[in-house]
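This briefing is for a reader new to the structure below. Please look at the sequence and the model, then read the points by topic.

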Amino acid sequence: MAMFTMMAQIRFPLHTSFNAKSVSEAQPQVLNGNRVSKRQEIRLGLPSKGRMSADTLELLKRPKDIVRKLLSGDLDLGIVGLDTVSEYGQGNEDLIIVHDALEYGDCRLSFAIPQYGIFENINSMEELAKMSQWTEERPLRVATGFTYLGPKFMKDNGLKHVTFSTADGALEAAPTMGIADAILDLVSSGTTLRENNLKEIEGGTVLESQ
């Protein structure tokens, strides 16, 4: 799940009138006295060794820091997942998605519940919201790392009595361990969910991307 993001106030000194020709075939033009080629890619160079390499790789290891540094102005451009942009960008209009499909990292942020017990016949968010079990004294317990998107999604789906928690290790084990009723997490193939007797339900996808 990867995409280019940038801040609204950033301007690149690149010719933006792209055509279908390859970079090698594009005719050079003059911009501010310099010869430049029309091209469709932003070329990014990274150090391959030394201290700068280590610092750069460390930065790239933490997707949420990329979003935070974009918002603070410490970065101009980043590659990060839509889930991270949505969770840590929180709708900030200055954060612009330049390219929303880099064709790798396919996944979705999805809500999942057990296939057994009181959830056995629950197959949609609408049915989940109508369950009488959830009260102020006994709320639906959701394990997730998405503390912004999670509450927003549940509220949008009419679930008022919900609590959220994070769990050490794989979230898929939280319902079996009895520390959560459901999870909200990134899903790729869904194999791990099935191995833990969990199921996705209709209306339970928060977002999806590649």
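The axes of helix H2 (residues 63-72) and helix H3 (residues 82-89) cross at roughly 50° and come within 9 Å. Axes here are lines fitted to C-alpha atoms, for helices over the stretch in contact, with angles from 0 to 180 degrees between N-to-C directions. This is a predicted model, in which local features need pLDDT of at least 70 and side-chain atom pairs count only at pLDDT 80 or more, while totals for chains, interfaces and linings use all residues. Residues are numbered from 1 along each chain as its sequence is written, and side-chain values use heavy atoms, leaving out hydrogens and water.

**The pair H2 and H3**

- At that angle, H2 and H3 are oblique to each other; angles under 35 degrees count as roughly parallel, over 145 as roughly antiparallel, 65 to 115 as roughly perpendicular and the rest as oblique.
- The crossing of H2 and H3 is right-handed, a term for a near helix turned clockwise from the far one by less than a right angle.
- On the H2 side, Pro63, Lys64, Val67, Arg68 and Leu71 meet Thr84, Val85, Tyr88 and Gly89 of H3, where contact means heavy atoms within 4.5 Å.
- The residues of this contact comprise five nonpolar, two polar and two charged. Ala, Val, Leu, Ile, Met, Phe, Trp, Tyr, Cys and Pro count as nonpolar, Asp, Glu, Lys and Arg as charged, and the others, Gly among them, as polar.

**Burial in the two helices**

- Seven of the eight residues of H3 are buried, so H3 is largely enclosed by the rest of the structure. Buried means under 20% relative accessible area, exposed over 50%, and partly exposed in between (1.4 Å probe, protein chains only).
- The buried residues of H3 are Leu82, Asp83, Thr84, Val85, Ser86, Glu87 and Gly89.
- In H2, Asp65, Ile66, Val67 and Leu70 are buried.
- Threonine 84, in helix H3, counts as buried at 9% relative accessibility.
- Leaving aside residues up to four places away in sequence, threonine 84 touches Pro63, Lys64, Val67 and Gly89.

**After the helices**

- Glycine 73 follows H2 and has a positive phi, near 90°.
- Leucine 75 lies in the loop between H2 and strand S4 (77-80) and is buried, with a relative accessible area of 18%.
- From C-alpha to C-alpha, leucine 75 and aspartate 65 are 10.0 Å apart in space, and they are ten residues apart in sequence.
- Glutamine 90 follows H3, in the loop between H3 and strand S5 (95-99).
- The phi of glutamine 90 is positive, about 50°, although glutamine 90 is not a glycine. Glutamine 90 is partly exposed, with a relative accessible area of 45%.
- Asparagine 197, also not a glycine, has a positive phi near 55°. Asparagine 197 is in the loop between helix H7 (191-195) and strand S10 (198-209) and counts as partly exposed at 40% relative accessibility.

**The whole chain**

- The protein chain has seven helices and ten strands. Helices (H or I, at least four residues) and strands (E, at least two) are DSSP runs, numbered from the N terminus.
- Of its 210 residues, 36% count as buried.
- Of the contacts between residues at least 6 apart in sequence, 66% join residues at least 24 apart.
- The protein chain exposes about 12,900 Å², with carbon and sulfur atoms supplying 48% of it. Accessible areas come from the Shrake-Rupley method with a 1.4 Å probe; for residues, only the protein chains shown count as cover.
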